[in-house]
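Subject: Structure handover and findings

Hello,

Here is the structure I promised to pass on. Please open it alongside this message.

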Amino acid sequence: MSVQELHRDSGGLKAGSPPMMRMPPRAAKTRGSIGQWEGRKVFPGRAVSDGSSGQGGLSGAADLFRETLDQARREGRTYLMEHESKEILAAAGIATTGYLVARSADEAAEMARVVGYPVALKIVSPDVVHKSDSGGVRLKLTHPDAVRAAYGEMVAAYRFQHIVGVSVQPMAAPGVEAIVGVTRDPSFGPVLMFGLGGIFVEVIKDVTFRVLPVTARDVDEMLGEIKGYPILAGFRGKKVDLPALKALLLRISDLVMACPEIAEIDLNPLFLYAAGNVVVDARMFVGEPLPRTTAVPAADLQDFFYPKSIAVLGASGVPGKLGYNVLSNLMTHGFSGRLYPINPKHPEVQGLKAYASIEAVPEAVDVAIVIVPAKDALAAIETCCAKGVRFIVVESAGFAETGEQGETIQARIHEVVQQGGCRILGPNCSGVINTHHRMVQSIGPVAGLGAGNIGLIAQAGVYAAGILTGLRQVMDFGIVATIGNKMDIDETDVLEFLGSDEHIDVIALYMEDVRSGRRFIDAARAVTATKPVVVLKSGRTEAGKRAVNSHTASLAGNDAVNDAAFRQGGIIRARDNEHLFGLMKAFAKQPLPEGDGVLVVTYTGSLGVAATDTLCLSGLRLAELEPSLKTRLMKIMPGYVKTLNPVDYSFSMDPEQVRKTLAIGGGSADVSAFIVVIQGEILGSFIDALQGMDLQGKPVLACVACKEFMMADVIAMENAGIPVYSTVEMAAEVLAAMRRYRRYRETLRP
Ligand code: ADP
Ligand code: MG
């Protein structure tokens with residue numbers, strides 16, 4: 001008889017046995033004959049690493065889960081008890097301690113003999129979730145009398161609760177305690193958690209997450225990520241069976257994918273051994289399955305980002321009005337397609353022929369921009385749908401972000417556009433900018449944009465406008481999309497499009513929440529295979545969350561899960577706005593480093609040392625020049641310069657020296673990148689020397705201490721293609737992120 005069959009026979013919650021027996025303490029009835037346990041082993045101690053998938057494979061586990069779920073639902077519970085959970089896990093090929101459920105003291109003693117001493121006794125009750133908290137776990141019992149006594153005490157202690165019985169299980173051999181869990185994230189759906197048990201999880205919170213389903217690579221990364229990894233990998237001669245642990249994590253992932261009603265799992269503890277592992281305690285919570293977010297085909301947004309005609313509903317001739325700005329932005333930036341102002345009161349707006357309604361426009365309209373008051377938005381959108389417009393941009397505010405009434409209007413709009421078969425951006429956004437199409441839909445006046453290779457996705461239009469005003473001095477954007485309340489077109493739709501747009505080389509996202517869940521990760525993974533994606537996610541803290549709620553009516557997810565999700569998508573996460581901008585411009589202007597060696601050129605030893613520290617802390621190192629190159633370098637160095645990297649030219653540093661030094665570094669096989677620290681007061685004299693230098697495809701980043709106080713030369717240097725940072729630490733950190741991204745991409749294409 002198998003473990004599973006034995007489990008079934010053990011008086012648990014199988015058909016035919018009353019599942020929740022209220023057991024009067026003395027009258028507990030023995031079920032079945034005691035003799036039937038003779039000679040059977042409950043725990044064969046099989047590790048999951050052997051690759052077999054348990055009795056009946058995952059489908060067997062799924063069937064058993066469904067059966068247990070039905071039972072639980074009939075009883076109105078969402079909690080699956082330890083023995084039920086273990087049975088499902090065992091069916092999925094995951095080793096557990098096993099158990100037998102006793103319903104009398106004598107039966108408990110007999111079962112203890114069968115499973116083998118020492119044993120653990122645990123209360124089995126749908127009302128008791130944390131067993132040991134209330135005295136429901138008795139460990140290391142070594143004698144039948146002790147088992148009988150413990151049984152009696154436990155049943156007495158829980159006499160006012162529904163109890164199914166008392167589980168008798170072998171004491172698992174001591175091992176490394178770990179915790180494995182599954183929970184649901186509001187943005188990403190089911191997530192897997194792993195951590196070491198005991199104080200590691202309680203005090204240090206040394207746990208790691210991944211959004212389900214996970215790949216073997218995800219699982220590898222998870223284990224490597226926790227601070228306690230050395231304990232897993234082998235500490236003081238002890239190590240754990242990593243292949244078995246990885247197999248278990250993958251099996252849990254498969255189980256949750258096969259059983260979408262699983263809302264939470266807790267394997268706590270799981271004991272890890274040199275060979276195999278065993279689940280010592282398990283529980284599950286069940287709920288309604290989550291809607292699937294993965295299988296959405298990429299939308300065709302070509303005509304949305306490159307429309308041939310745009311109508312502006314609410315276009316105004318009164319300067320200062322938002323409807324004025326939108327139309328004037330389109331005109332002043334030279335949008336080359338057809339423009340149709342829609343205004344029932346004026347036959348002409350800003351010199352263009354206006355139409356009383358969009359339906360009066362004689363030709364087809366690709367994009368309709370709606371900038372009418374929220375109360376009139378629905379009617380305006382209905383006319384767009386009637387006209388057959390495929391894309392609508394709602395820049396008006398006053399919808400879900402303002403409360404219940406706004407939510408109702410937004411929901412109604414959603415229905416209308418769905419019926420009309422069109423896609424909608426916003427509401428509460430500032431439209432799209434596509435400098436390669438001379439299209440600026442912004443609600444605020446925007447000027448002086450160059451056509452560049454950066455794609456930006458921002459939730460808030462005002463944020464985008466604010467940063468563009470400054471950043472356009474030193475960065476050229478290609479497409480900027482503000483998604484606002486994203487009732488339809490969301491970050492993932494835009495990300496997919498930017499990934500495929502030939503003008504875009506780097507994508508930056510400023511997000512307050514991710515609503516497209518797992519789909520976002522999958523899309524990001526596809527995009528990051530060719531283009532770097534940098535994200536700044538706000539709303540990390542509780543206070544931040546509240547701010548987000550009142551802002552765009554969105555909920556921020558758990559930040560550890562965001563971190564995990566971004567990693568799974570290959571996305572680079574920026575710490576703050578400054579970090580985001582620092583990353584964007586380097587990725588936009590410079591090639592990726594092919595190796596780890598960096599040549600640092602400086603005019604001050606202090607910043608040379610600081611650069612070296614940050615480089616080393618972030619996984620890079622100082623390059624070592626080849627002997628012949630060292631000789632060449634020494635020839636151009638003044639006698640007082642002592643080190644070859646960082647090259648410290650002190651206050652005599654001049655543009656020609658630096659140019660020659662970089663040229664030498666360009667020829668070195670060990671140099672993959674440069675950091676040049678330049679004196680602010682003479683920065684201007686370096687621009688000509690460095691601009692357009694052939695550095696053999698190696699990136700160069702400049703640092704000018706306190707650059708914000710001498711912007712004219714900094715902007716000129718940036719426009720010469722060399723990103724400038726205020727601190728060497730930031731320059732080194734950005735370089736390291738570029739290197740990591742390059743390595744990541746290589747692992748995708750071995
Ligand atoms: P709880 O419901 O309180 O989480 P557990 O089943 O996890 O109950 O038991 C509490 C602790 O007792 C576990 O963390 C573990 O250290 C120990 N324990 C429980 N069952 C066993 C067993 N079969 N073998 C060894 N130790 C056990
Ligand atoms: Mg436990």
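What follows is a short account of what was found in it.

Conventions come before the findings. This is a predicted model, in which local features need pLDDT of at least 70 and side-chain atom pairs count only at pLDDT 80 or more, while totals for chains, interfaces and linings use all residues. Residues are numbered from 1 along each chain as its sequence is written, chains are lettered from A and ligands numbered from 1 in the order in which they are written, and side-chain values use heavy atoms, with hydrogens and water left out.

**Magnesium site**

The magnesium ion (ligand 2) has Asn268 (O) and Asp281 (OD) as its protein donors, lying 2.2 Å from it. Donors here are N, O and S atoms within 2.8 Å of the metal (3.2 Å for Na, K and Ca); water is not among the atoms, so sites may look incomplete. Asn268 sits in strand β9 (residues 262-272), and Asp281 in the loop between β10 (277-279) and β11 (282-286), so the pair ties together parts 13 residues apart in sequence. Helices (H or I, at least four residues) and strands (E, at least two) are DSSP runs, numbered from the N terminus. Asn268 is partly exposed, at 30% relative accessible area. Asp281 counts as buried, at 10%. The cut-offs: buried is under 20% relative accessible area, exposed is over 50%, and partly exposed is in between (1.4 Å probe, protein chains only).

**Helix α24**

Which residues of α24 (residues 711-719) are buried? They are Val714, Met717 and Glu718. These three cover an arc of only 100 degrees around the axis, which puts them on the same side of α24. The arc is taken from the directions from the helix axis to the C-beta atoms. As background, an α-helix has 3.6 residues a turn, so residues three or four places apart point the same way. Exposed Ala712 and Asn719 are on the face of α24 turned away from its buried side. The buried residues pack against α19 (577-589), α23 (687-690) and β31 (724-725). Contact means heavy atoms within 4.5 Å. Just after α24, Gly721 takes a positive phi of about 100 degrees.

**Cavities**

How many cavities of 30 Å³ or more does a search of the whole structure find? It finds 2.

The elements that give two or more residues to it are β19 (432-434), α14 (461-471) and β22. α14 gives the most, with 4 residues. This lining has 7 nonpolar, 5 polar and no charged residues.

The terms: on a 1 Å grid over the protein atoms alone, a cavity is a set of points where a 1.4 Å probe fits but cannot get out, and lining residues have an atom within 4 Å of a point. Grid points are joined across faces, edges and corners, and a volume is the space filled by probe spheres set on the points. Ala, Val, Leu, Ile, Met, Phe, Trp, Tyr, Cys and Pro count as nonpolar, Asp, Glu, Lys and Arg as charged, and the others, Gly among them, as polar.

**Backbone points to check**

Most residues other than glycine have a negative phi, and most peptide bonds are trans. The Gly426 to Pro427 bond is cis, with omega near -5 degrees. Pro427 lies in the loop between β18 (423-425) and β19. The Asn645 to Pro646 bond is cis, with omega near -5 degrees. Pro646 is in the loop between α21 (627-636) and β28 (647-648). Arg438 has a positive phi, near 50 degrees, in the loop between β19 and β20 (439-440). Cys706 has a positive phi, near 60 degrees, in the loop between β30 (700-703) and α24.

**Asp490**

Asp490 lies in the loop between β22 (477-482) and α15 (491-500). It is buried, at 9% relative accessible area. Not counting residues up to four places away in sequence, Asp490 touches Ile483, Ser516 and Arg519.

Best regards

Conventions
On a 1 Å grid over the protein atoms alone, a cavity is a set of points where a 1.4 Å probe fits but cannot get out, and a pocket is an open set with protein on both sides within 12 Å along at least five of seven lines; lining residues have an atom within 4 Å of a point.
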